[in-house]
Amino acid sequence: MKNRLFILYLIVCPLSTWGQTFIYPMPPDSICERQSRINYMAEHFWTEKAIADTANFQNPKLLLDYLYLLKQADEQQKYAQSFVASASKQENTFGLILYWLDNILYDSSSPYYDEPLYLMLMKSVINTDVDSVMKLIPRQRIEILEKNQVGKATNDFSVMDMKGNYLHLYSINSPFLLLIFNHPECSLCHKTEENIESNSFIQRLLIESKLKVLAITIDAERGEWERHAYPKNWIVGLDVSKEIYSKRLYDIQRLPSLYLLDKEKRVLLKEADYSRLHKYLLDNSILFEY
């Protein structure tokens, strides 16, 4: 938090050099407008020397500061490509940088989780001349992240219900649909079920038929799935063929994984836990009032 405040202070006020190894870029006094100062700092944040210094990447602090600026900059793609192009030339630090970007932006449990920004950075990696081995994980990430993007239609799949019948995702008609990828022996999945059952707003949506819940078990034996007592007003299904995993239809980093879809099966929220779902519902409650 203190680091973010320091960056904000630099944006607003010229400041003498801070007493540390890394020197933050100082916008000239002639640049007074806030957005212009942000753009200047994002463009000039990294020098070749700073990117080459392994000490700057022993923890993610500086990358977090940079990403904080980059998210606010007018020309994100331009600055991101410039940063990645410079970093790719540094054998001693590039692997560390990719590691931290993965943890900061791709890991859905990270408080800084930002899939679109991560995707932009990984596409920048592919466009560099770095060794093909270094591009393996970025390519894999791009492939999975380009599926089920927010605002776009999600992948269809079929599951078996408790009666042994098969249903397709797209056969479920509802103004909104909450997907819960889970496992019957997952304790956090059980806690999420309890949280959803005790959430009065979600329960009202279910009663008013504005929302349906589809709980998908993706990697369990039929017996243990059948023994688990899911809430009675949920649709439950088992991925018998395990195609969701084998075909990588969804990016499921951990269980439970929640996806919220609209009537057209467009993704509103993805790879979320209960906390992110709860926040989304609070911030966007007006969407569910029609």
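**Aromatic ring pairs in a predicted model**

Ring pairs link F22, Y24, F45, W46, F57, Y66 and F83 into a cluster. This is a predicted model, in which local features need pLDDT of at least 70, side-chain atom pairs count only at pLDDT 80 or more, and totals for chains, interfaces and linings use all residues. Residues are numbered from 1 along each chain as its sequence is written, and side-chain values use heavy atoms, with hydrogens and water left out.

Me: How many aromatic pairs does the count come to?
Reply: Rings of Phe, Tyr and Trp (its six-membered ring) pair if their centres lie within 6.5 Å, and planes under 30 degrees apart count as stacked, over 60 as edge-to-face and the rest as tilted. By this rule, the number of aromatic pairs is 19.

Me: Are the rings of W46 and F83 stacked or edge-to-face?
Reply: A pair of aromatic rings is described by the distance of the centres and the angle of the planes. For W46 and F83 the centres are 5.3 Å apart and the planes are at 20°, so the pair is stacked.

Me: Is F83 buried or exposed?
Reply: Buried means under 20% relative accessible area, exposed over 50%, and partly exposed in between (1.4 Å probe, protein chains only). The relative accessible area of F83 is 4%, so F83 is buried.

Me: What is the pair of Y66 and F83 called?
Reply: Both Y66 and F83 are buried. Their ring centres are 4.9 Å apart and their planes are at 50°, so the pair is tilted.
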